[in-house]
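Dear colleague,

Please find the structure below for your review. A short account of what was found follows it.

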Amino acid sequence: MVCLGNICRSPLAEGILQHKAWKAGLNWSVESAGTSGFQKGESPHPFSQKVAREKGIDISRQRARKFEAGDFDHYDKIYAMSEDVLEAIRHIAKNKFDSSKAGLLLNELNAAKNLDIPDPWHAPEAIYHLVYKMIEEACDAIIKKYSTFNPDSYQDQFSILNNK
Ligand code: 4NP
């Protein structure tokens with residue numbers, strides 16, 4: 001999950017997708033980074049922490065880091081929060097950029113619409129709730145897309161049906 005500073009949008013996206021993956025029984029490792037690196041080492045923005053905490057997600061232990069080209073070696077998917085961020089990812093990654101891995105987060109919700117998650121830096125708290133909702137809906141779409149049908153999870157019910 002990548003934004004500009006790695007303190008407002010992408011820490012929320014990391015927390016939300018990691019939380020939903022755990023709940024869905026998916027063994028995913030979700031992380032985040034920023035293309036600027038200006039806030040390296042900082043905690044998520046207080047409003048991001050607050051809106052996440054209100055939903056039962058603790059993002060307080062995250063620390064900002066800068067996106068690097070090698071992230072294309074370590075991650076299966078790289079989601080940019082906005083088009084400017086996707087451009088910056090392309091610039092940082094250079095020949096490691098892989099268009100099959102990188103894309104806009106909201107395209108998981110509205111394919112090819114190329115919508116941005118707005119940058120909430122200096123915005124009031126209400127905007128952080130909106131950002132949370134947009135990210136959450138996209139993460140729900142991701143979980144649905146990558147969750148595979150597992151017949152084993154229905155075995156108990158079938159045993160009851162077959163009187164076993
Ligand atoms: P983020 O928000 O990219 O969602 O973490 C921002 C954080 C910091 C700045 C801009 C956006 N900044 O200009 O320092």
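Glu31 touches Met1, Glu14 and Tyr75, leaving aside residues up to four places away in sequence; contact here means heavy atoms within 4.5 Å. This is a predicted model, in which local features need pLDDT of at least 70 and side-chain atom pairs count only at pLDDT 80 or more, while totals for chains, interfaces and linings use all residues. Residues are numbered from 1 along each chain as its sequence is written, and side-chain values use heavy atoms, with hydrogens and water left out.

Glu31 sits in the loop between helix H1 (9-23) and strand E2 (33-34); helices (H or I, at least four residues) and strands (E, at least two) are DSSP runs, numbered from the N terminus. The side chains of Glu31 and Tyr75 are joined by a polar contact of 2.7 Å (a pair of N or O atoms within 3.5 Å; within protein, one must be able to donate a hydrogen and the other to accept it, and residues adjacent in sequence count only if both atoms are side-chain atoms). Glu31 and Glu14, 17 residues apart in sequence, have C-alpha atoms 5.5 Å apart.

Turning to the ligand, the residues around it include Cys3, Gln39, Asp119 and Trp121, each with a heavy atom within 4 Å of the ligand. An oxygen atom of the ligand lies 2.9 Å from a backbone N or O atom of Leu4. A polar backbone atom of Ile7 is 3.0 Å from an oxygen atom of the ligand.

Kind regards
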